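Please keep the sequence and the structure in view while reading.

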Amino acid sequence: MASDRSAAHPLPYTTYRQAIERETARLAEVVRGVDPATPVPSCPGWTVADLTRHVGSLQRWFSALLSRLVQEPPRSREVELGLPDSAGEYPGWVEAGIPRVAAVLGATDPMAPMWAWGADQHARFWARRMLFETLVHRVDAELSTGHASPLDPELAADGVDEFLVNLPHAHLFAPAVAELKGDGETIVFQCAGAATGGDGADATGADAGAEWWVRLDGDGFRLLDRAAADAASPDARTTVRAEAADLLLLLYGRRSYQDSAFEVTGPSETLDRWFAHTAF
């Protein structure tokens, strides 16, 4: 069955606001004092300076969109960044943007209609999107510096949902997504503790019981509702089961389904096709 969390029912808006502040501060802390030329292994071709500049720039752009409640796709992504001359100052620059982001999010009605590239055409889309951009890149920063800190399981499960709900719209900047097709194969992304086809009543943990069914058809792919999931053929089903944090990083290409953290049943060829088309 599909997760209860969806574009129409994300987590409380304040949860995103608070988590963005925490994740941004953590990223700045991780990269402070690190050689800006340090490679980021999970983002091939990027350095720590590139990663830090990307996060700070994206947050400022998202904030500009929210401030204006734009009603159509912007023609330019240029905003006043105030970028320091030295890459060594980027961590402080990212951290200095936290109060501005918090102020913009606090002043914005999450239900205000506005343009978004994804499924949810409300201001809350951008808060949710900003969080998971920042959270995943915080992980990237930690991978580049040898640090590690846990991901909140409830946030991670919501991040899985956010990724899958919006993925069909990502062809705007990730053309390969539009070529993701199949012959009725089904992929189930399942949080540890969930039982396929069950109600999760005996599951424990903030992320337990959440699962997402995706079917690949000749005209594209789609998330399935409960009725469609129950009708899906088990012969064409591939299930990936893991903790929510691991599923989130898997979807973002930071993990491999062949890692020991993942329990995979069914044809792996379907997963190979999925990941060949969903990187962005």
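Two strands are said to pair if DSSP finds at least two bridges between them, and both strands (E, at least two residues) and helices (H or I, at least four residues) are DSSP runs, numbered from the N terminus. The model is a predicted one, in which local features need pLDDT of at least 70 and side-chain atom pairs count only at pLDDT 80 or more, while totals for chains, interfaces and linings use all residues. Residues are numbered from 1 along each chain as its sequence is written, and side-chain values use heavy atoms, with hydrogens and water left out.

Strands of a sheet pair through backbone hydrogen bonds, either parallel or antiparallel. Here, five strands form an open sheet in the order β3-β2-β1-β4-β5, and their pairing is mixed. At the edges stand β3 (220-223) and β5 (263-265), each of which pairs on one side only. On average, neighbouring strands of this sheet are turned by 15° against each other, direction ignored; such angles run from 0 to 180 degrees between N-to-C directions, the axes being lines fitted to C-alpha atoms, for helices over the stretch in contact. Strand β2 (residues 211-217) runs antiparallel to β3 and is joined to it by four bridges, and Leu-216 has Phe-221 in β3 as its bridge partner. Helix α6 lies across β1 (185-191), β2 and β3, and runs at about 20° to β2.

A pair of aromatic rings is described by the distance of the centres and the angle of the planes. Rings of Phe, Tyr and Trp (its six-membered ring) pair if their centres lie within 6.5 Å, and planes under 30 degrees apart count as stacked, over 60 as edge-to-face and the rest as tilted. Across the whole structure, a search finds 12 aromatic pairs. The pair of Trp-61 and Phe-62 is tilted, because the ring centres are 5.8 Å apart and the planes stand at 45°. Phe-125 and Trp-126, by contrast, form an edge-to-face pair, with 4.9 Å from centre to centre and 85° between the planes. Ring pairs link Trp-61, Phe-62, Trp-115, Trp-117, Phe-125, Trp-126 and Phe-173 into a cluster. Buried means under 20% relative accessible area, exposed over 50%, and partly exposed in between (1.4 Å probe, protein chains only). Trp-61 and Phe-62 are both buried, as are Phe-125 at 3% relative accessibility and Trp-126 at 0%.

Arg-129 belongs to helix α5 (residues 124-145), and its relative accessible area of 2% is why Arg-129 counts as buried. Apart from neighbours within four places in sequence, Arg-129 is in contact (heavy atoms within 4.5 Å) with Phe-62, Trp-117, Glu-162 and Tyr-252. A polar contact is a pair of N or O atoms within 3.5 Å; within protein, one must be able to donate a hydrogen and the other to accept it, and residues adjacent in sequence count only if both atoms are side-chain atoms.

Two loop residues complete the picture. Ser-42, in the loop between α1 (13-31) and α2 (48-68), is buried with a relative accessible area of 19%, and its side chain makes a polar contact of 2.6 Å with the side chain of Asp-140. Asp-152 sits in the loop between α5 and α6 (153-166) and is partly exposed, at 40% relative accessibility. The side chain of Asp-152 reaches the backbone nitrogen of Glu-154 at 3.0 Å, and a polar atom of that side chain lies 2.8 Å from the backbone nitrogen of Leu-155.
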